[in-house]
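These are my notebook entries on a protein model. I record what I looked up and what I found.

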Amino acid sequence: MSVVLHPLPDKEQIHSAYSKHYDVLSYILAAIENRLKNVISLVSAPMYKSRVKEFNSYYAKLLRVKPEEAAEHSGMPVLTDLIGIRVICAFLEDLSKVEMALSEHFTIREIERKGAEQTFKEFGYESIHILVDIPPDIIERTNEYIQDADLTIPAGLVCEIQLRTILQDAWAEVEHELVYKSEFSPFDLPLRRKLASMNASLCLADIIFQEIRDYQNKLNKELAFRREAFYEKVDDLSAGFLPEAPLPHTHSAFTAASPYVRGTIDDMILEALHAHNTGQIDRAIEIYTRIINTIPPPNDTVLSVIYKHRGMAHFAQNMFDNALADFLDSVQYDPKNFRSLYYIGIVSCIEGNDSQAIEYFTQSLEINEFQSHVYYRRALSYYKLSDYLAAMNDLTRAKQLGLDDDDCRRLNSQLVSKLDMAI
């Protein structure tokens, strides 16, 4: 059986072409990375690693995958990974979000999911490799950047974009050092099992991190829903309207955040928030009370949070004395809980004690001076006490912090009128 031998390419000639193109490739790579940073929006900002393939690696791969083309090419043959960017994300869910962003802003030529073929018993290298065409506007700008009339963008050039989590990237880097860059690779079964077990641990850690993030997302959604309802009620009360206890809202069905937090305080808080948001206020109060009475008791920080939540539930039932007592307890357990201080001020306003409200609003702002809504509420209290200049100062500060709704504009008009009369 005869073996077909291809003539070896001229290494010096290819190296010369590679060197001439290096700046052009770097320019394109930087432009694509900048594009990625503009179109990828994640809560946890990803990290980016970009590189033009080193010549020795490039040449070795040419000999391996394109020997005939390399021998016949008069310039510089193109490999799909000649330029590449790695996008390293914190969580598994981020990978699909980045992939979606790429599909919307780039022309995708190919997607390869490394490790997808592995069974549940196998653990190994995992990564998503996406080949994208160079965007036309970047090609245009690159042609303007090129100073050498004889230099052009290599025909067929693409960019490989790799998507990995932080842990997937860590495993790939360490495995590369231990296995591929070492003269000795572990062949003994015990060593290979240790490597596989480490990979399995990292895979499990990625899954657990994602489950914790899913829990946080559910909790934040419930908190935002509850806080919005609270502020709507405060607005109604400020307008002199006393609403009934809330009816159940249209809301998604409750499911536990994760099997890893079932029965914990975190899971009970999520269940209580959901009960509150669906109008089951008594159920929410019962859960909060159960947490407070836990033996051994939670630490002071947790108790401060729970009393604050229970106070908001009492507030929703128009039980303002109970709400005030809970908010005061919350501050007792954590004097830096600026939200509870603000809520004490709210209840004080409702009960007609604006001087006390101003005192607690001020304490809240001393801890966190960037609360636009607290400045607005304190301005209202100053207005009711006829301290119009102080009210205008607070309203101005609220606007500087971005709060400029209809209520602010109405108060501003009333203050302008009062101050004009005073002059």
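Entry 1, a term. I began with a definition: a residue counts as buried under 20% relative accessible area, as exposed over 50%, and as partly exposed in between. Tyr307, at 10% relative accessibility, therefore counts as buried. The model I consulted is a predicted one.

I noted 16 helices and five strands. Of the 423 residues, 43% count as buried. I also looked up contacts between residues at least 6 apart in sequence, and 68% of these join residues at least 24 apart.

I found a count of 14 aromatic pairs in the protein. Tyr307 and Tyr333 make one that is stacked, with 5.7 Å from centre to centre and 10 degrees between the planes. This pair links distant parts of the chain, since Tyr307 belongs to helix α10 (residues 300-316) and Tyr333 to helix α11 (residues 320-333), 26 residues apart. Is Tyr333 buried or partly exposed? Its relative accessibility is 29%, so Tyr333 counts as partly exposed. I then turned to Tyr383 and Tyr388, whose ring centres are 5.6 Å apart; their planes stand at 55 degrees, so this pair is tilted. Finally, I listed one aromatic cluster, formed by Phe230, Phe315, Phe320, Phe327, Tyr342, Tyr343 and Phe361.

How do the axes of α13 and α14 cross, and within what distance do they come? The axes of α13 (residues 354-367) and α14 (residues 372-384) come within 9 Å and cross at roughly 155 degrees. Angles over 145 degrees count as roughly antiparallel, and α13 and α14 are therefore roughly antiparallel to each other. The crossing of α13 past α14 is left-handed. On the α13 side, I noted Asp354, Ala357, Ile358, Phe361, Thr362, Ser364 and Leu365; they meet Val374, Tyr375, Arg377, Arg378, Ser381, Tyr382 and Lys384 of α14. Sorted by kind, the residues of this contact are seven nonpolar, three polar and four charged.

I noted a relative accessible area of 4%, so Gln371 is buried. Leaving aside residues up to four places away in sequence, Gln371 touches Phe338, Ser364, Leu365 and Leu401. I also looked up Gln371 and Leu403, which are 32 residues apart in sequence and 9.5 Å apart in space, C-alpha to C-alpha.

Which residues does a cis peptide bond join? The bond joins Ile295 and Pro296, with omega about -10 degrees. Pro296 is placed in the loop between α9 (281-292) and α10. I next looked up Asn318, in the loop between α10 and α11. Its phi is near 65 degrees, a positive value in a residue other than glycine. Asn318 has 22% relative accessibility and so counts as partly exposed. Ser386, in the loop between α14 and α15 (388-400), likewise has a positive phi, near 65 degrees, and is a residue other than glycine. With a relative accessible area of 46%, Ser386 is partly exposed.

Notes:
Residues numbered from 1 in each chain as written. Predicted model: local features only at pLDDT ≥ 70, side-chain atom pairs only at ≥ 80, totals over all residues. Heavy atoms only, no water. Axes fitted to C-alpha atoms, helices over the stretch in contact; angles between N-to-C directions. Helix = DSSP H or I, 4+ residues; strand = E, 2+ residues; numbered from the N terminus. Parallel < 35°, antiparallel > 145°, perpendicular 65-115°, else oblique. Left-handed = near helix turned anticlockwise from the far one by under 90°. Contact = heavy atoms within 4.5 Å. Nonpolar A, V, L, I, M, F, W, Y, C, P; charged D, E, K, R; others polar. Phe/Tyr/Trp six-rings, centres within 6.5 Å; stacked < 30°, edge-to-face > 60°. Buried < 20%, exposed > 50% of the residue type's maximum accessible area, 1.4 Å probe, protein only.
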